[in-house]
Amino acid sequence: MTDPLPDPFADQPDWAPLPPRPIEIVPATGRVELRGRRVLVGLPGLGWRGDLRADERVVQGSRTYVPVIPEHEWYRAESEQVEVFAPLVPVERVWVETVGDRKGTGASPREPGIRLVSLDAPARRVPTPVFEADAVAGRRVVHVIESIEHRDLRAVTETYSGAEGDICVRVTSELEWYRWAWRGQAPTTLEVPVHLLWIE
């Protein structure tokens, strides 16, 4: 009797939540709404800058541009109803974050080591379980409850042992995360067990 026992939790156990859908990166030149969307700007072969939000396209002469605002400024403008400076970036240098399909998420485990990507476009990001991350404070996270994804959240703490004995992270909405920076107003947080959280 040397055969190993079958793993009752192989594949996806019934009690474990499905991972959230991944972030897909698509060119802003396509037919995609831009106002308020997260975007990346850059050049193939050079690199990409994130934590930005877009406004609707602007046409000047024969060129199309996208007003791009640092995310903290976008939240401040929306919350406080103030004007902020938004540089115009040529549309071909802007890529939009969209929520992709669930297919392929969790299908293959993450392999340790360096992951090589193409420099032709921003890399697709697969959600990472918080319990696999080295650090989580300040990162964008997704809270999944019964297959419902709660996005636009930031982790406020690292992992810790909660009152009920669960390993938890405190999270807050991105609006409160950024308001904490510009007003110094401490955010309202929610304690979430790590098995329900993924880094976006």
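A search of the whole structure finds 4 aromatic pairs; rings of Phe, Tyr and Trp (its six-membered ring) pair if their centres lie within 6.5 Å, and planes under 30 degrees apart count as stacked, over 60 as edge-to-face and the rest as tilted. This is a predicted model, in which local features need pLDDT of at least 70 and side-chain atom pairs count only at pLDDT 80 or more, while totals for chains, interfaces and linings use all residues. Residues are numbered from 1 along each chain as its sequence is written, and side-chain values use heavy atoms, with hydrogens and water left out.

**First stop: the aromatic rings**

Select Trp 74 and Tyr 75. Their rings form an edge-to-face pair, with 5.0 Å from centre to centre and 80° between the planes. The rings of Tyr 75 and Tyr 178 are stacked, because their centres are 5.4 Å apart and their planes stand at 25°. Tyr 75 lies in helix 1 and Tyr 178 in helix 2, so this pair ties together parts that are 103 residues apart in sequence. Helices (H or I, at least four residues) and strands (E, at least two) are DSSP runs, numbered from the N terminus.

Together, Trp 74, Tyr 75 and Tyr 178 form one aromatic cluster. Are these residues buried or exposed? Trp 74 counts as buried at 13% relative accessibility, Tyr 75 is buried with a relative accessible area of 9%, and Tyr 178 counts as buried at 10%. Here buried means under 20% relative accessible area, exposed means over 50%, and partly exposed lies in between (1.4 Å probe, protein chains only).

Next, select Arg 53. The charged end of Arg 53 sits over the ring of Trp 74, 4.8 Å from its centre. A charge sits over a ring if NZ of Lys or CZ of Arg is within 6 Å of the ring centre and within 35 degrees of the ring normal.

**Second stop: salt bridges**

How many salt bridges are there? The count comes to 23, where a salt bridge is a side-chain nitrogen of Lys or Arg within 4 Å of a carboxyl oxygen of Asp or Glu.

Select Arg 76 and Glu 73. They form a salt bridge whose closest N and O atoms are 3.0 Å apart. The two residues are 3 residues apart in helix 1 (residues 71-80), and are thus separated by about one helical turn. Arg 76 is partly exposed, with a relative accessible area of 25%, and Glu 73 is partly exposed as well, at 21%.

Move on to Arg 151 and Glu 200. The closest N and O atoms of this salt bridge are 2.6 Å apart. Arg 151 lies in strand 10 (residues 148-155) and Glu 200 in the segment after strand 14 (197-199), so the pair ties together parts that are 49 residues apart in sequence. Both Arg 151 and Glu 200 are buried.

Then select Glu 191 and Arg 170, a salt bridge with its closest N and O atoms 3.7 Å apart. Glu 191 belongs to strand 13 (residues 190-193) and Arg 170 to strand 12 (residues 167-173), so parts that are 21 residues apart in sequence are tied together. Glu 191 counts as partly exposed at 32% relative accessibility, and Arg 170 is partly exposed at 27%.

Select Arg 179 in helix 2 (residues 174-183). Arg 179 is buried yet has no salt bridge; the nearest side chain of opposite charge, Glu 80, is 4.9 Å away. For charges, Lys and Arg count as positive and Asp and Glu as negative, whereas His and the chain ends are not counted. Leaving aside neighbours within four places in sequence, Arg 179 is in contact (heavy atoms within 4.5 Å) with Ser 79, Gly 184 and Gln 185.

Turn to Arg 115, in the loop between strand 7 (94-99) and strand 8 (128-129). Arg 115 counts as exposed, at 55% relative accessibility. Not counting residues up to four places away in sequence, Arg 115 touches Ala 123 and Arg 124.

**Last stop: the whole chain**

Finally, select the entire chain and display its secondary structure, which comes to 2 helices and 14 strands. Buried residues make up 37% of the 200 residues in the chain.
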